[in-house]
Amino acid sequence: MSGYALRRVVLMVPTLLGLSFLAFGLANLAPGDPAYQYLTRVLNQPAPAAEVERVREELGLDRPLVTQYVDWLGDALRGDLGVSYATRRPVATEIGHRIPYTLQLAIPAALLALMIAVPAGVVSALYRGRLPDHVMRVASLAGASLPSFWLALLLILFFAVHLSLVPVAGRGGIDSYFLPTVTLALGPAAVLARFTRSTMLEALGDDYVRTARAKGLPARLVVARHALRNALIPVATDFGTRLAHLVAGAVIVETIFVWPGLGKLTLDAVTERDFPMIQGMVLFAGVTVAVINLLVDLSYTLIDARVRVGTKAVAA
Amino acid sequence: MRPAARRLIAALVLALVATACGGGSDDPNDDVENSSARLNLDAELRIGFTEDQYILEGPDANLGAYPANTNVVETLVYLNDRYEVVPRLAESWEFRAPNTWRFHLRRGVRFHDGQAVNAQTIKTGLFDRVAAKRNGGTIRATPQSAVVVDDYTIDYTASVPNLRVVEQLVHPQNGAIAPGSDHGTKPVGTGPFRFVDYRPKERITVERNEDYWGEKALLRRLTFRFFPDRNARLLALQAGDIDLAYEIPRDDVAGLESRGFTIAKSTVGAYRAIFMNSYGDEPYDILRDVNVRKAIAMGIDRKKHVDGVLSGLATTDQTFVPPAALGAAASVVKGHTYNLNEARRLLDNAGWRAGSDGIRVKDGRRLKLELVSGFPSAEVIRPSPTFLQAELKNLGIELEIVERPDSASFQDLMGRKQGDLFIEDGNQNDANVGFLPVLLLYTGAGSSGTGVYQGISAPGPRFNQLIEPALTEPDHARLQQIVATAMNEAITEQTTVMPLNGVFRIYGMKSSVTGFVPHPSFLNVSWLGVGVTGG
């Protein structure tokens, strides 16, 4: 097990290297001069041309791109992600400050998505072709199709404006978590529910389920112990990917709900052409996805005994 | 029902009961007292602002001052809502040739930490602080610029000839901070409100300064909440989460009014204008011909644009400096009157003749232009480009709309001259009427302009000649005349810039909010006289 984990960690290195190069290249290809943006913000007026050149030198933007990348990579390997052009604070510090805010939404949203999706998917599979199945399929299609900005505004209008149950936006009491969490959760919940349904249907048609039924096991146990457990393996993979996306930051939801998380930080960085921050965020998102995927893979051993047995067999 | 709503209803009921039980009185002072009694002096006003763009580090730190001005920090002089410069921490000032301004400071003023405001603390907390900024800030200060004359008199000399210092000092970035305080974490100023708390990207809270040198603020507390999304800001107002909101979208004004909210419209403080690429290379070289530029300016019905696109919440002014700032000289800027026939004649004379599909052609080339939109964002500018597309089609011009996601990519295209027309919203936040024309269009000696705007829309040597005295003219009325004449050259004669409309600042608020003065420059909103009635 530890060897497997170590291999996965080692494999992450070239992945992250490629990702960092891609992020660097894309940021530099994007139109807009970070020096001009920075100066315009600081001076509170369109920046004078001569000053822009001076700032380009100060920020090191006048150096060849390869030199810039190699320097950045060297610093990043030492844990220094550079200084934000916009805030003049270390990128790692800025990201560190925002992580708790994003987690405050991402974790409850992921759990909520799971709590909705798995029961809905299972019920839908068990009642295939009947009313609950139709309802779930329509609801999940709607949930997966609705753009989050539209859904957010719709939820605000209903729960905050008409019913006055929760605040429109901003962090505050426990009620302030309701709308952003629900908005974030509904999309993944819809997709996961459909996914759970299909894996569940597949599992229910498998021989071992038929055998369990033939042995006279109660239907509840057949579903819970045999079908669901196997159906959850691909669901866990998909859930991991979605969780990683949530942790990496939800740009639109954080903007609308005034949540100072990583998504808003990324959006601001792109708008400001804050290259160090963009690169730092892409690297962070890459590490997050890789780590969560690794954890998901490791979690298979808990869900599926065959993985444990297989690992032992290989070890033997 | 939420607690805030319950408290509001309870207060209204109490107010009604109190009114019903109260007896009549012949004492004229009672009216004032009753009026004051209706104001809740313990109230907190929750304000929905746009984006949190405070800078928290280095010499440019501006927490609480810019762009959301919480009135913690004060300037020597203040820009009122008629674009006039009025005394604040300085009671008076005078120009001393060749390049010095002498300020006589108000006595008896203290910073929130108890330090006295005098020439020395103003030197340290204002001029020396600004001198540490890049280029010495807009006022071009150096560490030697400020000289203490006596306890309450200070001289300021900019590093370059700059007689616009007083007009520039109104900007909240040029506020006085208590020496030794940190403008990035806890601003200590002299204003009617003192800093309480700041949560980045979320809110900033200030409370009444009970020791304020002037009349005290009517509100106990102000909380500025940041809503980058304008729909969320609007919904927060409707839900009662905030009491007042900045930048109400024009389309939502009527809806808010019908729900009982108060809409406050400022005078013109911003503009929507088109910068024409007058120096482009093929395929962006069509507007090198001044006749084509003039034809476009004459072929757009600004009134229709105001009524149809901007919901009537704009003017047809053809300057990009607010008319109030130009004063009587505003009429010098003639602009172009809507005249389709004359516009067509100009295009005919320029050799552009109607083709088979109605689009004009010259030497086999179609009269096709690109309109770039994206400043401050394409979303804000919409649907003006579509309107212009229809208008120009009437002239036989095909217009392609190019939307850029943000101002950086917009200005990148402008810098590379890749586009024919660049539409943007801009604004005037200080009293220096020459600021925008010089910054954006001047290319003469000592130009410190952006190069980006000049690259496509510099009106040329005559404009430079006309605007140059603006840098060194001490008399404000004369300055207005100079700037207006130069702008007329750019807009009417050379038509390298085409202002479409003057734009109002629109604020929305609950009907319980009183005394709010809608400032055309939202950086300079004063919260001193704002109150809330009821509980």
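Colleague: How close do the axes of helix α5 and helix α8 of chain A come, and at what angle do they cross?

Modeller: The axes of α5 (residues 91-126) and α8 (residues 178-204) of chain A come within 6 Å and cross at roughly 35 degrees. Axes are lines fitted to C-alpha atoms, for helices over the stretch in contact, and angles run from 0 to 180 degrees between N-to-C directions. Please keep in mind that this is a predicted model, in which local features need pLDDT of at least 70, side-chain atom pairs count only at pLDDT 80 or more, and totals for chains, interfaces and linings use all residues. Residues are numbered from 1 along each chain as its sequence is written, and chains are lettered from A and ligands numbered from 1 in the order in which they are written.

Colleague: Is the crossing of α5(A) and α8(A) left-handed or right-handed?

Modeller: The crossing of α5(A) and α8(A) is right-handed. That term applies if the near helix is turned clockwise from the far one by less than a right angle, and left-handed if anticlockwise. The residues of this contact divide into 22 nonpolar, 4 polar and 1 charged. Ala, Val, Leu, Ile, Met, Phe, Trp, Tyr, Cys and Pro count as nonpolar, Asp, Glu, Lys and Arg as charged, and the others, Gly among them, as polar.

Colleague: How many helices and strands does chain A have?

Modeller: Chain A has 14 helices and 0 strands.

Colleague: What is the reach of helix α1 of chain A, and what is expected?

Modeller: With 28 residues (2-29), α1 of chain A reaches 40 Å from its first C-alpha to its last, close to the 40 Å expected. The expected span is 1.5 Å times one less than the number of residues.

Colleague: Why is α1(A) said to lie largely in the open?

Modeller: The number buried is 1 of its 28 residues, so α1(A) lies largely in the open. A residue is buried if 20 or more other C-beta atoms, placed from the backbone, lie within 10 Å of its own, exposed if 12 or fewer, and partly exposed in between.

Colleague: Why does A:H245 count as partly exposed?

Modeller: A:H245, in helix α10 (residues 219-247) of chain A, has 19 C-beta neighbours inside 10 Å, so it counts as partly exposed.

Colleague: Why is B:D363 called exposed?

Modeller: B:D363 has 6 other C-beta atoms within 10 Å, so it is exposed. B:D363 lies in the loop between β15 (360-362) and β16 (365-366) of chain B, and has a positive phi of about 50 degrees although it is not a glycine. Most residues other than glycine have a negative phi, and most peptide bonds are trans.

Colleague: Where is B:P98 found?

Modeller: B:P98 is in the loop between β4 (90-96) and β5 (100-105) of chain B. The peptide bond from B:A97 to B:P98 is cis, with omega near 10 degrees.

Colleague: Why is chain B called as compact as a globular protein of its length?

Modeller: The radius of gyration of chain B is 25 Å, close to the 24 Å that the globule rule gives for 535 residues, so chain B is as compact as a globular protein of that length. The radius is taken over C-alpha atoms, and the rule is 2.2 Å times the number of residues to the power 0.38.

Methods: Helix = DSSP H or I, 4+ residues; strand = E, 2+ residues; numbered from the N terminus.
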